[in-house]
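Hi everyone, thanks for making time for this. I'd like to walk you through one structure, going from the overall layout down to a few individual residues.

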Amino acid sequence: MHPTAEDRRQHKRFHIENSVSVSPHGVFQVIDISKGGFCFKCPPYTPISDLWETDIVTSVATLEGFPVNRIWVSMTENSTHAYLPMSVGVKFGRLTQDQDTELSEIC
């Protein structure tokens with residue numbers, strides 16, 4: 001039997017509601033977050049650069065100035081050939097001790 005994607009992950013993912021990423025690209029809904037990075041949704045064809053800093057606003061904390069690196073982008077269409085929101089996965093860059101502590105409070 002093969003391990004599941006969740007079993008292969010280095011960091012456990014946490015689904016969080018009512019959370020957004022605020023960056024130069026816009027304000028987007030965060031789907032999940034882990035100690036290693038997070039995933040968010042954005043409109044189709046939104047240009048997302050490779051590296052940037054983002055703030056993550058949740059109901060329990062605001063994480064400011066977190067460096068991120070785009071890892072993957074997924075875009076699908078529905079049965080009427082309309083494109084659905086893109087999902088984007090990013091990993092965190094080098095975090096400060098304070099940022100790491102703040103992240104630990106929600107993960």
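So, here we are. The protein chain has two helices and seven strands. One thing to keep in mind from the start is that this is a predicted model. If you follow the sequence along, the pattern reads α-β-β-β-β-β-β-β-α.

A few overall numbers, for those of you who like them. The protein chain has 107 residues, and 32% of them are buried. Its accessible surface is about 6900 Å², with carbon and sulfur atoms contributing 51% of that. Now take the contacts with a separation of 6 or more: 49% of these are between residues 24 or more positions apart.

Let's move on to strand S4, which covers residues 37-42. How many of its six residues are buried? Five of them are, so the strand is largely enclosed by the rest of the structure.

And who are its partners? On one hand there is strand S3, residues 26-33, which pairs with S4 in the antiparallel sense over four bridges. The two are joined by a hairpin of three residues. If you'd like to find this pairing on screen, look for Ile33, whose bridge partner in S4 is Phe38. On the other hand, S4 also pairs with strand S7, residues 86-92, again antiparallel, over six bridges. Here you can look for Cys42, whose bridge partner in S7 is Met86.

While we're on strands, a quick reminder: in a regular strand, side chains alternate between the two faces of the sheet.

Next, please zoom in on Leu63, which sits in strand S6, residues 62-74. Is Leu63 buried or exposed? Its relative accessibility is 0%, so Leu63 counts as buried. What does Leu63 touch, once we set aside neighbours within four places in sequence? The list is Ile33, Thr54, Asp55, Ile56, Glu102, Leu103 and Ile106.

Last stop, Ser23, which belongs to strand S2, residues 20-23. With a relative accessible area of 16%, Ser23 falls under the 20% cut-off, so it is buried too. Leaving out residues up to four places away in sequence, Ser23 touches Trp52, Glu53 and Thr54. Thr54 also turned up among the contacts of Leu63.

That's my tour, and I'm happy to go back to any of these views.

Notes: Residues are numbered from 1 along each chain as its sequence is written. This is a predicted model: local features need pLDDT of at least 70, side-chain atom pairs count only at pLDDT 80 or more; totals for chains, interfaces and linings use all residues. Side-chain values use heavy atoms; hydrogens and water are left out. Buried means under 20% relative accessible area, exposed over 50%, partly exposed in between (1.4 Å probe, protein chains only). Two strands pair if DSSP finds at least two bridges between them. Contact means heavy atoms within 4.5 Å. Accessible areas come from the Shrake-Rupley method with a 1.4 Å probe; for residues, only the protein chains shown count as cover.
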